[in-house]
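Hi,

Here is the structure I promised to pass on. Have a look at it first, and then read my notes below.

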Amino acid sequence: MFNHLLTVFVCAADCGSFNKAAEKLYLSAPSVMKQVNALEKQLDMKLFHRTNQGLHLTPPVR
């Protein structure tokens, strides 16, 4: 089963920025943010630390 939210998450993680991920995915930055927020809500966990310097992945859960 394919979940497009994972594609957006991976792109944002690779780019380190919602804006850069939006450019690569040909989407708007708010759309990318909403999709990542939806994935975080679906998983009930934060995936990124959001800072002025960009996005940083949260530590893995064990």
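Let's start with strands: a strand is a DSSP run of E with at least two residues, while a helix is a run of H or I with at least four, and both are numbered from the N terminus. Two strands pair if DSSP finds at least two bridges between them.

A quick word on where this comes from: it is a predicted model, so local features need pLDDT of at least 70 and side-chain atom pairs count only at pLDDT 80 or more, while totals for chains, interfaces and linings use all residues. Residues are numbered from 1 along each chain as its sequence is written, and side-chain values use heavy atoms, with hydrogens and water left out.

**The strands**

Strand 1 (residues 48-51) and strand 2 (residues 54-57) are paired in the antiparallel sense, with four bridges. A hairpin of two residues links strand 1 to strand 2. You can follow the pairing yourself: Phe 48 sits opposite Leu 57, and Thr 51 has Gly 54 as its bridge partner.

Now find helix 2 (residues 18-25) and helix 3 (residues 29-43). Their axes come within 8 Å and cross at roughly 105°; axes here are lines fitted to C-alpha atoms over the stretch in contact, and angles run from 0 to 180 degrees between N-to-C directions. Helix 2 and helix 3 are therefore roughly perpendicular, since angles of 65 to 115 degrees count as that (under 35 is roughly parallel, over 145 roughly antiparallel, and the rest oblique).

Which residues make the contact (heavy atoms within 4.5 Å)? Helix 2 brings Phe 18, Asn 19, Ala 21, Ala 22 and Leu 25, and helix 3 brings Ala 29, Val 32, Met 33 and Val 36.

Is Leu 5 buried or exposed? This residue of helix 1 is buried, because its relative accessibility is 10% (buried means under 20% relative accessible area, exposed over 50%, partly exposed in between, with a 1.4 Å probe and protein chains only). Leaving out residues up to four places away in sequence, Leu 5 touches Gln 35, Ala 38, Leu 39 and Gln 42.

Ser 17 lies in the loop between helix 1 (4-15) and helix 2. With a relative accessible area of 16%, Ser 17 is buried too. Not counting residues up to four places away in sequence, Ser 17 touches Ala 12 and Leu 55.

Cheers

How values were computed: Contact = heavy atoms within 4.5 Å.
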